[in-house]
Amino acid sequence: MELATTLKSQQVRNSVRDAGINPNHWYAVSWSDRLKPGQVIAVTVWQQAIAVYRDTEGNVHALEDACPHKGVALHKGLVLGQNLACRYHGWEFDSQGECAKIPYLPPSQKLPCAKARSYPICDRYNLLWIFPGDPALAETTPVPHIAEFDQPGYLMVPVTGHFKAHFSICNENSMDVFHGFLHENLQGWFDPQLVKLRETDGSVIADYQVSYRGKLAKFLGLTDQAKDTTTKIISVQYRYPHYFSNLENVSSLYLMRLPVSPTESRSFAYFFLKVRLPQWLINSARPALQHILENYVFMKFLRQDIEMMESEQQTYLKEPQRRYVEINPAIIAVQRLILRQSEQAIAPESDRSPARNKDAEVSVS
Ligand code: FES
Ligand SMILES: [Fe+2]
């Protein structure tokens with residue numbers, strides 16, 4: 001559905017700051033190459049503590065991070081073959097969470113019925129994705145498609161974010177191009193205008209016209225000369241629960257949001273920049289360019305954003321009843337989407353829209 005792009009005063013829906021997630025989506029929880037065979041890590045998806053381990057054959061598994069014996073965190077355990085052994089008494093659990101061995105139980109005795117919850121997990125685009133909802137829906141729900149991954153001609157920069165703020169605050173930040181004011185000293189964008197706004201059951205897509213100028217714009221290939229001003233259309237898309245943006249095929253950003261708790265979120269993002277260089281040169285310069293872009297460009301933007309988002313969260317916590325005013329219709333649409341998805345998660349199966357996941361497969365190129 002097409003929405004009006006007029007900037008108009010509207011009241012923010014405070015309930016969005018307490019909204020839960022729709023767990024029936026894939027959530028990225030870690031970079032895959034950070035978890036070597038035989039290692040275990042602790043992750044949290046919306047207050048659910050999960051132990052993720054890679055077995056000695058290289059396959060990944062996700063179990064509830066609480067031993068069914070006495071509740072000790074399983075991420076403190078040891079990987080033994082394909083099982084995860086709790087560090088306390090050595091009970092072993094297989095990839096489905098079933099108790100597979102108790103080292104001190106005589107072989108003649110039957111294993112007790114002790115099961116840790118297991119979660120569907122998949123390893124794609126160098127990310128580990130967990131499906132915290134109904135496991136039966138995992139197979140039919142696609143992981144977001146990252147078209148540029150492994151495609152020649154792109155420089156890919158991974159960026160990790162950690163925010164002490166509700167995921168709605170983070171997603172509104174990503175969707176609101178009007179905050180270029182904050183990044184002025186970084187030669188960010190200026191004169192943004194919302195030119196098109198669409199909303200579906202699972203997404204909000206906002207096209208902004210934005211102007212760029214300066215050395216960074218030249219470096220990113222947006223202008224020929226640093227002093228020139230270019231105007232481009234950036235399409236920013238909140239395809240619940242993740243975020244994608246595309247700048248006229250010059251660059252794109254895939255930002256996978258991990259809601260940790262009502263006051264904490266993480267993100268795993270890939271920035272792709274189209275470069276007109278031979279592939280061998282991109283490959284050899286990649287580590288240095290990734291380092292420069294991550295540390296001297298993206299982290300600078302991110303630190304400024306984090307300060308604003310965390311301040312917003314703190315003020316909300318001090319006075320949750322206080323009313324706020326918004327004028328960007330894209331942000332009001334994002335809030336509607338978050339609340340709708342949160343309600344779908346608690347609605348009975350029969351009431352859920354069949355179109356719920358139809359937008360999950362996204363290609364922005
Ligand atoms: S608490 Fe885990 S084996 Fe005893
Ligand atoms: Fe920003």
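Visitor: Is Ser265 buried or exposed?
Guide: Let's start with the ground rules: this is a predicted model, in which local features need pLDDT of at least 70 and side-chain atom pairs count only at pLDDT 80 or more, while totals for chains, interfaces and linings use all residues. Residues are numbered from 1 along each chain as its sequence is written, chains are lettered from A and ligands numbered from 1 in the order in which they are written, and side-chain values use heavy atoms, with hydrogens and water left out. A residue is called buried under 20% relative accessible area, exposed over 50% and partly exposed in between (1.4 Å probe, protein chains only). With a relative accessible area of 0%, Ser265 is buried.

Visitor: In which strand is Ser265 found?
Guide: Strands (E, at least two residues) and helices (H or I, at least four) are DSSP runs, numbered from the N terminus. Away from its neighbours within four places in sequence, Ser265 is in contact with residues including Gly161, Phe167, Cys170 and Leu258, where contact means heavy atoms within 4.5 Å. The run of residues 264-274 holds Ser265, and that is strand β20.

Visitor: Why is strand β17 largely enclosed by the rest of the structure?
Guide: Strand β17 covers residues 230-239. It is largely enclosed because the number of its 10 residues that are buried is 8.

Visitor: Which residue of β18 does Ile234 stand opposite?
Guide: Two strands pair if DSSP finds at least two bridges between them. On one side, β17 is joined to the antiparallel strand β16 (residues 203-212) by 10 bridges, and there Tyr208 has Ile234 as its bridge partner. β17 also runs antiparallel to strand β18 (residues 242-247), with 6 bridges, and the two form a hairpin with 2 residues between them. In β18, the residue opposite Ile234 is Leu247.

Visitor: How much space lies in the largest cavity?
Guide: On a 1 Å grid over the protein atoms alone, a cavity is a set of points where a 1.4 Å probe fits but cannot get out; a pocket is an open set with protein on both sides within 12 Å along at least five of seven lines, and lining residues have an atom within 4 Å of a point. Points are joined across faces, edges and corners, and volume is the space filled by probe spheres set on them. Across the whole structure, a search finds 3 cavities of 30 Å³ or more. The largest holds about 830 Å³.

Visitor: Which helix gives the most to the lining of the largest cavity?
Guide: This cavity is lined by 40 residues, and Trp189, Tyr243, Leu253, Phe298 and Phe301 lie nearest its centre. The lining has 24 nonpolar, 13 polar and 3 charged residues, where Ala, Val, Leu, Ile, Met, Phe, Trp, Tyr, Cys and Pro count as nonpolar, Asp, Glu, Lys and Arg as charged, and the others, Gly among them, as polar. With 6 residues (its run is 279-318), the top contributor is helix α4.

Visitor: What is the volume of the largest pocket?
Guide: Its lining counts 21 residues, with Arg17, Glu172, Asp176, Glu312 and Glu326 nearest the centre. Here α4 gives the most, 6 residues, and the lining divides into 10 nonpolar, 5 polar and 6 charged. The volume is about 520 Å³.
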